[in-house]
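Visitor: I have the sequence and the coordinates open. Please take me through some of the features.

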Amino acid sequence: MYGGILSGALAPALKPAAMHIPDGFLSLPVLIVCWAFSVLAIGVALRRTNAQLGERQAPLMGVLAAFIFAGQMINFQVAGGTSGHLIGAALATVLLGPWAAMLIMTAVVAVQALFFQDGGLIALGANILFMAVAAPLVSYWIVQLLQRFNRWLAAGVAAWASVVVAALGVSVALALSGTVALGIVLPAMLAVHALIGIGEALITAGALAFIAASRPDLLALRPAAAAADRWPLAGLAIALFVALLSPLASSAPDGLERVAEDLGFGERALGPFYAIIPDYAFPGIAAPALATIVAGVVGTLLIFAATWMLARYMQRRRQPAETH
Amino acid sequence: MHVSYLDQYLDLDSVVHRLDGRAKLLATIAFVLACTLTPAGRWAAFAALALLWVVIAALARVPHGLLLRRGLVALPFALAAITLLFTRPGVPWWTLAIGPWRLSISDAGVIAFVSVMLKSWLSVLMALLLTATTSYPALMQALRQVGTPTLLVAIISFLYRYLFVLADEAQRLLRAREARSARPAGVRAGGSIAWRARVAGGLVGNLFLRSYARSERIYQAMVSRGYRGELRTLARGRFGRGDAIALLGFLLVLGAIEGMTVLGWL
């Protein structure tokens, strides 16, 4: 009985982002690297917030984590039955600083995995890394960088980037695990999340404008970043970057091509998808590049269409539940 | 909205329900890990893992039907993995012609795709079984006992405790917006997308202010009851011999399945 209401209200609000990696999609090495960095980041975040908030931290961050979770239910109509909604990493970062935001988002992602099966249990390390560590970090830098010009713009850009960066991380992790073809999924994920990010940016800026109008004192709540704060942030960022890129560099050109080469597929290494026309005549470098672009565009369109149909289907199924 | 959605089967009683939370948590993680490690295309190994789940679910006396249906939550993610069908090099099975292009599905692609979907489905099913048989406080305690930082567990506990309160708050905000949003038939209403997004942002901001005020009240209520920065719980449940035997037995079965897979017997 309540399940209908809850899943009707919470689940679709989270689903269109398609960001929570389920179990079974990631390979063991990728999982281990993701867990290592997540644990490291959470460890640093725990130490920082402990120093800043003291005994108040448990109720404050716990209730605000519930706020982010519930805030993800608030949506707005875009077009054709799709809707935009909040993910919240950037909002939490602007309100409470990057470290508290990391803990809050970690709690949100963990509860989604533990109790809603939204994202896997051992994939949690990756989901935390992208949505609860990378997203607040990137938001924080962008806000630091841009807020001297215009703080609403800074918050909006930070919110947009937090979504795109998480999508980027998810795509790369899936590709490194050999679960998806990077050439298709990366452009598709980035295109979809660049759009979702616009909604995130508008809601985040709107929420901050509301808070600034009614309780400006709360926006000063965020502890000013001490100079010492930047070093671990920078270190973590470099580590993240290296972690994401190192497997790419080591197994260059890319896992799939390597397998194809090993198996001796030679020129048709990129598989049937890329065999565009039988008598394809363009020689040299132009052909594979073009093929990749075409594949990317086709993949984007396919996933767009599929997502749109899924959204329509879910919308229609939700219709009766919405008449309250 | 009510917590009972997640706790539907917690009132049942079974061997599995009575097990210590740690044993169930570790067993679930081991099972998910085993699913991840099973190579693609080893159908016998997947069947053995599925059989293991069926046995545990039967022991837990949890109705299979609902779990199987809720186990499909990862399905939207299949969209991403679907690209495997076309990109894995292999013997083409079936070719789809779209204009000048041909999309062909290879045998290796089908094996990879079906394997990923099976892995994720089995993992979700076991995770569902964990939450269906373990109460929320027991799971939190298990998380703490296996070494999750206390503060993080405290935040997750508060999140879960107030999620339903704040979700109700959010529902009221949404209902208020709905009530004020007249849509005359045939007339375009509701402003631009940016305007609607700002309104939604206002709701979020409002929700934040209410949540923040609530967290202050909660903190004061805690302090007045003697809170000094440490969350105390009544010690509950101990890891007995039965728990150890159950966990060990489960791990042995898992190990046997994986071992036989590695040796090529499954």
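Guide: A:A155 is a place to start; this residue sits in helix α7 of chain A. The model is a predicted one.

Visitor: Does A:A155 count as buried or exposed?
Guide: A residue is called buried if 20 or more other C-beta atoms lie within 10 Å of its own. A:A155 has 26 C-beta neighbours inside 10 Å, so A:A155 counts as buried.

Visitor: How are helices α7 and α8 of chain A oriented to each other, roughly parallel or roughly antiparallel?
Guide: Helix α7 spans residues 151-176 and helix α8 residues 182-214 of chain A; their axes come within 7 Å and cross at roughly 155°. Angles over 145 degrees count as roughly antiparallel. The crossing angle therefore makes α7(A) and α8(A) roughly antiparallel.

Visitor: What is the handedness of that crossing of α7(A) and α8(A), and how does the contact divide by class?
Guide: The crossing of α7(A) and α8(A) is right-handed. By class, the residues of this contact are 24 nonpolar, 5 polar and 1 charged.

Visitor: Which residues make the contact of α3(A) and α10(B), and what classes do they fall into?
Guide: Helix α3(A) contributes A:P59, A:L60, A:V63, A:L64, A:A66, A:F67, A:A70 and A:G71. From α10(B) come B:V204, B:L207, B:F208, B:S211, B:R214, B:S215, B:I218, B:Y219 and B:M222. By class, the residues of this contact are 13 nonpolar, 3 polar and 1 charged.

Visitor: What does B:Y160 touch, not counting residues up to four places away in sequence?
Guide: B:Y160 lies in helix α9 (residues 150-180) of chain B. This residue is buried, with 24 other C-beta atoms within 10 Å. Residues up to four places away in sequence not counted, B:Y160 touches A:V111 and B:Y136.

Visitor: What is phi of A:Q117, and where is that residue found?
Guide: Most residues other than glycine have a negative phi. A:Q117 is found in the loop between α5 (98-116) and α6 (124-146) of chain A, and is buried, with 25 other C-beta atoms within 10 Å. Its phi is positive, near 50°.

Visitor: Is B:R61 buried or partly exposed?
Guide: B:R61 is in the loop between α3 (43-60) and α4 (64-70) of chain B, and its phi is also a positive value, near 55°. B:R61 has 14 C-beta neighbours inside 10 Å, so this residue counts as partly exposed.

Visitor: How many residues of domain 1 of chain B are in contact with domain 2 of chain B?
Guide: Domain 1 of chain B comprises 3-146 + 237-263, and domain 2 comprises 150-178 + 194-224. Their centres, taken over C-alpha atoms, are separated by 33 Å. The residues of domain 2 in the contact number 6, and those of domain 1 number 5.

Note on methods:
Residues are numbered from 1 along each chain as its sequence is written. Chains are lettered from A and ligands numbered from 1 in the order in which they are written. This is a predicted model: local features need pLDDT of at least 70, side-chain atom pairs count only at pLDDT 80 or more; totals for chains, interfaces and linings use all residues. Domain bounds come from an automatic or database domain assignment. Two residues are in contact if their C-beta atoms, placed from the backbone, lie within 7 Å. Helices (H or I, at least four residues) and strands (E, at least two) are DSSP runs, numbered from the N terminus. Ala, Val, Leu, Ile, Met, Phe, Trp, Tyr, Cys and Pro count as nonpolar, Asp, Glu, Lys and Arg as charged, and the others, Gly among them, as polar. A residue is buried if 20 or more other C-beta atoms lie within 10 Å of its own, exposed if 12 or fewer, and partly exposed in between; C-beta atoms are placed from the backbone. Axes are lines fitted to C-alpha atoms, for helices over the stretch in contact, and angles run from 0 to 180 degrees between N-to-C directions. Angles under 35 degrees count as roughly parallel, over 145 as roughly antiparallel, 65 to 115 as roughly perpendicular and the rest as oblique. A crossing is left-handed if the near helix is turned anticlockwise from the far one by less than a right angle, and right-handed if clockwise.
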